[in-house]
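This briefing goes through a structure one topic at a time, for a reader who wants to check each point against the coordinates. Please keep the sequence and the 3D view open while reading.

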Amino acid sequence: MIRVEGLVHRYGDTVAVDALDLTIDDGECVVLAGANGSGKTTLVRHFNGLLEPDAGSVSVNGRAVAENLVAARTAVAMVFQHPEDQLVAATVGADVAFGPENLGLSRDDIDRRVSESLAAVNLDGRADERVDTLSGGEVERLAIAGALAMEPDHLVLDEPFTGLDEPARQSVLARLQELRTSGTSLVVVTHDLRDVTELADRVVVLSDGRVALDTTPENASDRLADLGIRPPPSC
Ligand SMILES: Nc1ncnc2c1ncn2[C@@H]1O[C@H](COP(=O)(O)OP(=O)(O)OP(=O)(O)O)[C@@H](O)[C@H]1O
């Protein structure tokens, strides 16, 4: 479980997250939406201690993030916008292995995690390919594989569809659907709710650093336009 209580984050005079409370249960799929600048990225960066609160607290699985950074980073994996900036190795397999290697796992465990994670994003059999030969969609899926290889309780994806063409978008979405079915918690940050509502148990909309709406996808659709979000085509 991720629990956010009274979280405040300021950048100078800008209050990016403003006394925000939010709980994300194990196994939930939450779409975190909101207009540009509403505080989505700032909020999720607190989930594994990449930022420090100015006030309030965040805990993961009952432990305060600030006091247990390693535990938080093991429990919460992040895939950021521009996943190409997250690549750390020259080849696909080495890139996915990097995180598990840092956990000090055995070679067998690392190899198992790499092959399972690559299979989960449809990149199996491609471990020896150079990362600089991959398409944008493949890089996004590789970044997701790297996060999955950490076997996190929660997977946070910040704008996973930005810059993807439609086939790549569908491919990533299909992988997320499968992960969802297999019980991994997902937090998907987006300002565009096309398709993603199918995935979600819950839509949380931020506005000016606060929770403006926290409801089911069905109930969210009527309010999205008011909150600066493009509704999905079916709404
Ligand atoms: N590194 C930073 N320095 C100063 N201000 C920042 C910084 N990062 C974000 N901000 C400001 O904090 C507020 C929240 O930004 P944040 O990126 O968290 O929102 P967001 O909802 O993720 O936006 P987007 O959809 O554009 O990514 C905005 O006013 C933004 O300009």
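This is a predicted model: local features need pLDDT of at least 70, side-chain atom pairs count only at pLDDT 80 or more; totals for chains, interfaces and linings use all residues.

A crossing of two helices is called left-handed if the near helix is turned anticlockwise from the far one by less than a right angle, and right-handed if the turn is clockwise.

**Helices α5 and α6**

- Helix α5 spans residues 136-148 and helix α6 spans residues 166-181, and their axes come within 9 Å of each other while crossing at roughly 20°.
- Angles under 35 degrees count as roughly parallel, and α5 and α6 are therefore roughly parallel to each other.
- In the sense defined above, the crossing of α5 and α6 is right-handed.
- On the α5 side the contact is made by G136, G137, E140, R141 and I144, which meet A168, S171, V172 and R175 on the α6 side.
- Sorted by class, this contact of α5 with α6 is made up of three nonpolar, three polar and three charged residues.

**Surroundings of the ligand**

- Y11, T14, A16, G34, N36, G37, S38, G39, K40, T41, T42 and H191 are the residues around the ligand.
- By class, the shell around the ligand holds two nonpolar residues, nine polar residues and one charged residue.
- Strand β2 (14-24) and helix α1 (40-45) each supply at least two residues of this shell, and the largest share, three residues, comes from α1.

**The open sheet**

- Four strands form an open sheet in the order β2-β1-β4-β5, and their pairing is antiparallel.
- The edges of this sheet are β2 and β5 (63-64), each of which pairs on one side only.
- Strand β1, residues 2-11, runs antiparallel to β2 and is joined to it by seven bridges, and along this pair L7 stands opposite L20 in β2.

- Strand β9 (residues 202-207) and strand β10 (residues 210-215) run antiparallel and are joined by five bridges.

Key: Residues are numbered from 1 along each chain as its sequence is written. Axes are lines fitted to C-alpha atoms, for helices over the stretch in contact, and angles run from 0 to 180 degrees between N-to-C directions. Angles under 35 degrees count as roughly parallel, over 145 as roughly antiparallel, 65 to 115 as roughly perpendicular and the rest as oblique. Two residues are in contact if their C-beta atoms, placed from the backbone, lie within 7 Å. Ala, Val, Leu, Ile, Met, Phe, Trp, Tyr, Cys and Pro count as nonpolar, Asp, Glu, Lys and Arg as charged, and the others, Gly among them, as polar. A residue is near a molecule or strand if its C-beta atom, placed from the backbone, lies within 6 Å of it. Two strands pair if DSSP finds at least two bridges between them.
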